[in-house]
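These are my notebook entries on one structure. I record what I looked up, in the order in which I took up each topic.

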Amino acid sequence: MTGNDEAELSRLMRAAIAGDERAYADFLRRTAALVRGFIRRKIVQGGVDPEDVVQETLLAIHVKRHTWRQDLPMLPWVYAIARFKLIDAFRRRGRRIEIDEIAETFAEPEAETVSERDINRALDGLPPAQRSVVSSVSVEGRSIGETAVKFGISETAVRVSLHRGLAAITKRFGAKQFKRE
């Protein structure tokens, strides 16, 4: 699927949400073909009918179409629904699903976009020792052990300082700012 196809599906869904039935029929036809290929690649053993999963996915898209955020790409939303419907189908058949089987279907995490100014603002209210520990572990990515060696303190002291520092930041800025929605 190309970027043009992504744009076309998004355009069709926008038109469908606005009431264009022909656009919606075209959207469903194109989406069914994509989902069908995706599902068939995931089902390597019998027991689950790919077409049932395709139809369940299209039904879920129809019911939940109002939840698609028009400022976000269409395909990750479609494939997430298809993945969950596939998992549901496997569960109904009593098959246990290993994470390795579906790991490649998970979306790559989005890169965080936090500026250095935001980080400094969060760290500024901490006492110097806590600031150093939180910065070392959370910003620089050092392990608890590496941070303990760097500052010449025990790993327990690093954990306590990190926990207290993060709790202070959360209290100061409110937990709502740190939750992804």
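**Entry 1**

I began with Thr-31, which I located in helix 2. The model is a predicted one, and I read every value below as computed from it. Is Thr-31 buried or exposed? I found a relative accessibility of 1% for Thr-31, and because the limit for buried is under 20%, Thr-31 counts as buried. I then listed the contacts of Thr-31, leaving out residues up to four places away in sequence: Leu-9, Leu-58, Ile-61 and Val-78.

**Entry 1: Overall make-up**

I next turned to the whole chain. I counted nine helices and zero strands in the protein, and the order along the sequence reads α-α-α-α-α-α-α-α-α. Of the 181 residues, 31% count as buried. For the accessible surface I noted about 12000 Å², with 53% of it belonging to carbon and sulfur atoms. I also checked the contacts with a separation of 6 or more: residues 24 or more positions apart account for 55% of them.

**Entry 2: Nonpolar cores**

Which residues touch the most other members of the largest nonpolar core? I noted Met-13, Phe-27, Ile-39, Ile-61, Met-74 and Trp-77, in a core of 29 residues. Helix 1 (3-17), helix 2 (21-42), helix 3 and helix 4 each supply at least two residues of this core. Helix 4 gives the most, with nine residues.

I followed Met-13 further. Setting aside neighbours within four places in sequence, I found Met-13 in contact with Phe-27, Ile-61, Arg-65, Trp-68, Met-74 and Trp-77. I also recorded a second, separate core of 12 residues, which includes Ala-122, Leu-126, Val-134 and Ile-144.

With a relative accessibility of 38%, Thr-67 counts as partly exposed. I read off 9.5 Å between the C-alpha atoms of Thr-67 and Trp-77, which are 10 residues apart along the chain.

**Entry 3: Helix 6 against helix 9**

I then examined how helix 9 packs. The axes of helix 6 (residues 116-124) and helix 9 (residues 155-173) come within 9 Å and cross at roughly 105°. Angles of 65 to 115 degrees count as roughly perpendicular, and helix 6 and helix 9 are therefore roughly perpendicular to each other. On the helix 6 side I listed Arg-121, Ala-122, Leu-123 and Asp-124, and on the helix 9 side Ile-169, Arg-172 and Phe-173. By class, I sorted this contact of helix 6 with helix 9 into four nonpolar, no polar and three charged residues.

**Entry 4: Helix 8 against helix 9**

What is the angle at which helix 8 and helix 9 pack? I noted about 105° for helix 8 (residues 144-151) and helix 9, with the axes 8 Å apart. Helix 8 and helix 9 are therefore roughly perpendicular to each other. In this contact, Ile-144, Gly-145, Thr-147 and Ala-148 of helix 8 meet Glu-155, Val-158, Arg-159 and Leu-162 of helix 9. I divided the residues of the contact of helix 8 with helix 9 into four nonpolar, two polar and two charged.

Key
Residues are numbered from 1 along each chain as its sequence is written. This is a predicted model: local features need pLDDT of at least 70, side-chain atom pairs count only at pLDDT 80 or more; totals for chains, interfaces and linings use all residues. Side-chain values use heavy atoms; hydrogens and water are left out. Axes are lines fitted to C-alpha atoms, for helices over the stretch in contact, and angles run from 0 to 180 degrees between N-to-C directions. Helices (H or I, at least four residues) and strands (E, at least two) are DSSP runs, numbered from the N terminus. Angles under 35 degrees count as roughly parallel, over 145 as roughly antiparallel, 65 to 115 as roughly perpendicular and the rest as oblique. Contact means heavy atoms within 4.5 Å. Ala, Val, Leu, Ile, Met, Phe, Trp, Tyr, Cys and Pro count as nonpolar, Asp, Glu, Lys and Arg as charged, and the others, Gly among them, as polar. Buried means under 20% relative accessible area, exposed over 50%, partly exposed in between (1.4 Å probe, protein chains only). Accessible areas come from the Shrake-Rupley method with a 1.4 Å probe; for residues, only the protein chains shown count as cover. A nonpolar core is a set of buried Ala, Val, Leu, Ile, Met, Phe, Trp, Tyr and Cys residues joined through side-chain atoms within 4.5 Å.
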